[in-house]
Each structure stands twice: as structure tokens, then as C-alpha cells.
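My notes follow in the order in which I looked.

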Amino acid sequence: MEIIMAGSKILVKNVDDEDPRIVSPSQRKNRDYEWHIVWRNVLAFIYLHVAAAYGFYLMFTGKVNIFTILFAFSFAAMSAMGVTAGAHRLWAHRAYKARWPLRLYLAVMQTMAFQNHIYEWVRDHRVHHKFTETDADPHNARRGFFFSHMGWLMVRKHKDVFEKGATVDMSDLEKDPIVMFQKKTYLVVMPLLCFLIPSYIPIWLWNEDPWSSWYVASITRYTLTLHFTWLVNSAAHIWGTRPYDKNIGATDNVAVAIGAFGEGWHNYHHVFPWDYKAAELGNYRTNLSTALIDIAAKYGLAYDLKTVSKEMIQQRASRTGDGSHPWVQQTEDCSDEHHHPENPVWGWDDTDMPEEDKQLAKIVHRKTE
């Protein structure tokens with residue numbers, strides 16, 4: 001490769017290229033690899049957002065049955081639980097264990113959400129935690145809000161995502177028959193659960209107009225759930241407080257926590273990714289996913305719930321927090337310079353997790369034989 005200066009621009013020329021490729025300083029700063037746009041995803045997102053805008057028009061002008069709107073939001077909440085309590089806390093972080101009826105239920109709900117099958121979702125998320133805000137992070141927040149929000153799905157992944165992703169242990173999911181069955185049948189089952197069935201139910205039960213049902217119950221509902229999930233990757237890496245570790249990009253963001261059913265307490269979550277609550281929980285108002293897991297545990301469907309002791313939280317907040325935690329009486333400024341976390345683990349069974357953390361952790365609802 002040859003690098004040629006040309007005024008304010010840099011010409012990058014591969015030895016096999018006839019013509020040099022012009023790269024401006026701003027482009028060179030934001031990325032050091034060639035972006036390959038995935039046009040299929042770009043066109044899909046254009047359709048989703050135009051169709052969702054029309055869905056909102058139908059809702060705000062009274063051209064759709066109120067039951068269809070309520071059904072859409074209920075369906076969105078159920079599918080969100082499949083991502084938050086299922087793909088995220090159960091399978092990605094192994095923050096608790098679940099018996100097969102709960103795993104099957106969460107797998108169905110996660111399929112309804114259409115955010116890739118569980119195996120791929122978990123692989124990307126574990127890589128995100130192990131290599132957060134580096135080129136190996138699929139939605140690296142250092143590349144800006146739009147990239148971390150949805151732009152990362154419009155381009156091919158950086159080669160580091162593939163290379164370092166191959167080092168992440170996925171053997172636990174490969175042993176789960178429910179996860180592997182979902183992976184095998186995903187392309188057939190997902191369109192039914194995410195789009196066709198939610199469109200058909202309002203038509204069948206209260207004679208909704210088919211097109212209105214499609215735009216509201218399927219497309220608008222799906223597009224909204226995507227954005228609430230994406231905000232965890234974008235907004236919760238930019239705006240908010242860092243009570244537990246001021247040196248990482250992830251923040252605690254109340255608004256995102258409410259919209260994403262408890263996933264917005266992101267500074268806490270990146271420090272303690274193996275906590276089934278994904279937060280220092282005071283109540284369920286900003287963490288409905290934890291309520292679902294606690295209810296499941298009450299009836300024996302979830303067990304071995306891992307959580308962080310008060311002493312661990314206090315020690316970490318005092319040592320690395322930005323001073324915003326109520327237990328910490330300090331007022332240090334939080335630097336904008338983020339560093340790789342001191343404990344880059346993806347969850348409970350990560351081999352890099354310190355043994356001391358495992359010994360200090362609290363495990364509730366232990367399985368009894």
C-alpha cells in the first residue's frame with residue numbers, strides 16, 4: 001500500500017489498484033478500514049421507517065382500532081422480554097439458570113423480536129463486552145451515535161469483530177437444544193412470529209383492516225422495539241452518569257432503562273455483567289425484566305440468580321466511580337477519555353472472571369435437588 005499526500009487529502013493506493021482512493025482526514029479519523037455497505041439492510045431500514053411513519057399516522061388520526069394499538073404495545077413488551085431476560089441476561093451473561101419451559105418461552109419471545117437468532121445475538125454481545133469500544137466491538141460507540149445506534153447494521157463488520165469473536169466461548173449455547181433448534185428453524189419461524197401472526201390476530205379477533213394491522217401491529221411495533229434496543233448501544237454509551245466506573249463509556253441512563261425494560265443501567269452492567277438484575281435494583285419501575293425473572297424464580301422456573309453484594313458495589317463505586325453514587329462522598333470530574341474496563345468479562349462463566357468476584361457474589365434461589 002502506498003500513501004500519497006495531495007493537499008489536505010491523503011491518497012491511499014493498494015499496489016494492485018490502478019487508481020488511488022481518496023480519503024479525507026475526517027474519514028481517516030473515524031475509520032481505518034473500508035466500509036462495505038449492506039444495501040439489503042439499508043433498503044429494509046428505509047422501508048421500516050417510512051412504513052412506521054404511516055403507522056403512526058394511522059394511530060394519531062384514529063384510523064385504526066384502539067385494540068390494535070394496545071395489542072401492538074403488548075406484543076412489543078412480550079418480545080422485548082425475550083431479548084432482555086432471555087438472550088441478554090440468561091444466555092449472553094449466564095446471570096441465572098432457567099428450566100426448559102422458561103427457556104422455551106423466552107426463545108419464542110426472542111424470535112418474535114427479530115434481532116437475529118439467539119446464538120448470533122449472544123456471540124455479538126459477548127464480543128461487545130470483551131472488547132467494548134474497540135474495533136472488535138460490533139457497535140463501537142467511538143464511531144459516533146448513528147453508527148452505534150443502527151449504522152453498524154448497514155455495513156459489514158470490522159475484521160476484528162470476526163477474528164476476536166472467534167475467541168469467545170460459545171460451547172454453552174451449543175449444548176442447549178432449544179437455542180440450537182431456534183437457530184436451525186429461525187428463517188422459517190421468525191417471519192411467522194414477528195410479522196404474519198401479529199398482523200393476523202387483530203384481523204381475526206376484532207375485524208381490523210388488514211393493511212392497518214400490518215402497518216401498526218407489525219411494522220410500527222417492530223421498528224419501535226428496534227430503536228429501544230439500539231438506544232442501549234448508543235445513548236447509554238454517551239449520556240448519563242458513571243457511578244461505578246468513570247473510565248468506561250457505558251453510562252447509567254434512566255430514560256433508556258425505562259424504554260428498554262431495565263437495560264439502561266449500563267455503567268453498572270458493564271462493571272458487573274453477571275448480575276441478573278443488570279442494575280443495582282431499588283424497585284421494578286425501571287427494570288421490568290428483573291420482575292419477570294424474580295416471578296419465574298418464585299415458581300421454580302429460574303434458579304441460581306447471581307447478584308452483587310452491597311460491599312462489592314460500595315468498594316467499586318469508591319475506587320473507580322465518578323462520585324455520583326449516593327454512597328460515595330467525592331466530587332471528581334468524570335473524564336471524557338474512556339478506557340477498556342478493568343474486568344472485561346462477558347458474564348458468569350467467562351474464564352477471565354476473577355475468582356474473588358465469584359466468592360463475593362450472592363447467588364439466590366439456588367437449585368435444590
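The entries below go from the whole chain to single residues.

**Ground rules.** I am working with a predicted model, in which local features need pLDDT of at least 70 and side-chain atom pairs count only at pLDDT 80 or more, while totals for chains, interfaces and linings use all residues. I number residues from 1 along each chain as its sequence is written, and side-chain values use heavy atoms, with hydrogens and water left out.

**Whole chain.** I find 15 helices and 7 strands in the protein chain, taken as DSSP runs (H or I, at least four residues, for helices; E, at least two, for strands) and numbered from the N terminus. Of its 369 residues, 52% are buried, where buried means under 20% relative accessible area, exposed over 50% and partly exposed in between (1.4 Å probe, protein chains only). Among contacts with a separation of 6 or more, 69% join residues 24 or more positions apart, a contact being heavy atoms within 4.5 Å.

**Cores.** I looked next at the largest nonpolar core, which has 27 residues; such a core is a set of buried Ala, Val, Leu, Ile, Met, Phe, Trp, Tyr and Cys residues joined through side-chain atoms within 4.5 Å. Trp91, Tyr96, Leu173 and Ala302 touch the most other members. Helices that give two or more residues to this core include H3 (66–92) and H9 (177–206), and the largest share, 6 residues, comes from H3. Apart from this core lies another of 25 residues, among them Val64 and Met154.

**Helix H3.** I checked the length of H3: its 27 residues should span 39 Å, and the end C-alpha atoms are 36 Å apart, which agrees, the expected span being 1.5 Å times one less than the number of residues. H3 bends by about 25° at glycine 86, the bend being the angle between axes fitted to the seven residues ending there and the seven starting there. Of the 27 residues in H3, 19 are buried.

**Positive phi.** Which residue with a positive phi, near 50°, follows H3? I noted arginine 94, which is not a glycine and is found in the loop between H3 and strand E4 (97–98). Arginine 94 counts as partly exposed because its relative accessibility is 23%. Alanine 278, in the loop between helix H12 (266–271) and H13, also has a positive phi, near 55°, but it counts as buried because its relative accessibility is 1%.
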